[in-house]
Amino acid sequence: MQSEIMFAGFGGQGILLIGKVLAHAAMEEGFEVAWIPSYGPEMRGGTAYCTVVISDRPIGSPIIKNPLHLVAMNGPSLEKFAPTVKKGGIIFINSSLIAFGANRDDIDELRVPAVDIAKELGSVKAANIVSLSAFVARSGIVPMETLKHCIKEEFSKKPKLIPLNMDAVAAGEKAARNQK
Amino acid sequence: MAKVLMKGNEAIGEAAIRAGCLNYFAYPITPQSEVAEYLVRRMPEVGGVFLQGESEVAVGYMLFGAAGAGARVFTTSSSPGISLMSESISYIAAAQCPVVFVNIMRGGPGLGGILPSQGDYLQATKGIGHGDCRLLVMAPASVQEAVEMVMKAFPLAEKYRNPVMILGDGLIGQMMEPVEFPDHLKSEPSNKDAWATNGMDHRKSNTRNLVKSLFLDPVVLNDNNLALKAKYDRMRVEEVMSEPYNTDGDYKGLIVSYGTMSRVCRTAIDMLKADGIEVGMVRPQTLFPFPVKAVEDAALKPSCTHVLSIEMSMGQMVEDVACCVKGRLPVSWYGKCGGDIPTPEEVIGVVKERIA
């Protein structure tokens, strides 16, 4: 069994970081993982995306053209990648910045106003963790406890940020559960 | 040690430290700059040195000098940077000094692009520098294997007193995967007092060691080149590494592929199997010495009708594959380069067209 998750958005939204946190959590759960960044000649504010592959056996091709799931943090990412998602996957949409939908009836669309939620929590920067947590809650791809543990480790050198990010996990999880 | 999630480039830097290498000279270039970024922070923690040269040409001679003085030393670069170092690599091989080079390949020729490629195969295995010199070349297919190969490269460079190269593509450098670092490096006791210019007081000897690559007497030059050749022949016997995949049963076609490309092929082979089409693969782990016997034996299995060299380059390794098959079966090439990595579906299409 193999799952591929693409994270996509603007540079600076913390896209690569949430991909890394998910890969770490899946590794802790005993899965084989690979995290593959896009590394074109990018600039600040340009697009950023990465793919995380999670598998119960050694991972072959790390090049994924059709991911199972998509976490889209901005409009251009949703437009570009929504058509590539496999049937039956989840498409997470950061509805604070994306007014339109995935326009697909064969996937599970999850709309969460991640930026608005993060602002309420005190920092727009936490929108990535809100989004990751909502996606993990919906997909069940790793247990929430493992996710929290890995977020704490990620921020271990900036412990002041841990309470904010734990609030972001709770808010993201709640937002996902409140949506059918 | 527990598994950690690390980027290939960072893991390569850590592996070198764990192999006891405390001297890193380099010049940054995408897609391997994270090695320098990692080591500029990490080297001072372990009492080591990271020195950025003013160019790759300078770096090559900094490596030569340090290795000649008996220090364990390495560098990392990417394709155009390696071209600039190639003169010094020839000097280092001629003077028989151990240096580890890591080439995280990007697309070429020229400035090319910064995305993954395997376009430096011929340069690394056959044309790294002028004169009769060769490198021992290893090609990792995962971050874990990159770590293991880097740690192996230092003792091998010292065993042969010859440069060793790790040839990875950009994806091996940029990807994060779980890695486990071996605790200790298995290393032979150093023989460097016999040849390095490490000070006569230090080794309590009255003989001066001389490290040089100039041999104006043709007989002496020939003898030096024969000594180099003897080492390269010994590598062909003692250091060949390859990994078979799906070669136990009968297969209609054989793929030869290395690095990231071999992983795409592995997925394609699994998908073909589900379709009832059996294809085997030999993955060279050393590119020089090339796994001649492994490829030849796998190709000559009676069920096999075609051998495909699949590369992220425009048909380089296929020349070595054809040498192994010696005209007894059709050999063909498929590949793309410069970041446009073939997908499993594309590999399957080629297999179905030429083999099935």
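In the predicted model, one salt bridge is counted between chain B and chain A. The residues that form this bridge are B:D270 and A:R57, whose side chains meet with an N to O distance of 3.4 Å. Side chains of opposite charge can pair when their charged atoms come close.

Several elements of chain B contribute to the side that touches chain A: β1 (4-7), α7 (170-174), β8 (176-179), α10 (259-274) and α13 (344-354) each supply at least two residues. Of these, α10(B) gives the most, with six residues. When sorted by class, the side of chain B that touches chain A comprises 14 nonpolar, six polar and seven charged residues. In total, 27 residues from chain B and 20 residues from chain A take part in the contact. The area buried between chain B and chain A is about 1900 Å², and 68% of it falls on carbon and sulfur atoms.

Over all chains, the count of salt bridges comes to 29. One of the pairs lies within chain A, where A:E154 forms a salt bridge with A:K20 and the closest N and O atoms are 3.4 Å apart. Because A:E154 belongs to helix α5 (residues 144-154) of chain A and A:K20 to helix α1 (residues 15-28) of chain A, this pair ties together parts that are 134 residues apart in sequence.

Chain B also contains an open sheet of five strands, arranged in the order β9-β11-β10-β13-β14 with mixed pairing. Its edges are formed by β9 (242-245) and β14 (331-335) of chain B, each of which pairs on one side only. On average, neighbouring strands of this sheet are turned by 20° against each other, direction ignored. Strands of a sheet pair through backbone hydrogen bonds, either parallel or antiparallel. Within this sheet, strand β10 (residues 253-256) and strand β13 (residues 306-311) of chain B run parallel and are joined by four bridges. Opposite B:I255 stands B:L308, a residue of β13(B).

Conventions:
Residues numbered from 1 in each chain as written. Chains lettered and ligands numbered in written order. Predicted model: local features only at pLDDT ≥ 70, side-chain atom pairs only at ≥ 80, totals over all residues. Heavy atoms only, no water. Pairing = 2+ DSSP bridges. Axes fitted to C-alpha atoms, helices over the stretch in contact; angles between N-to-C directions. Contact = heavy atoms within 4.5 Å. Buried area = accessible area lost by both parts, 1.4 Å probe. Salt bridge = Lys/Arg side-chain N within 4 Å of Asp/Glu carboxyl O. Nonpolar A, V, L, I, M, F, W, Y, C, P; charged D, E, K, R; others polar.
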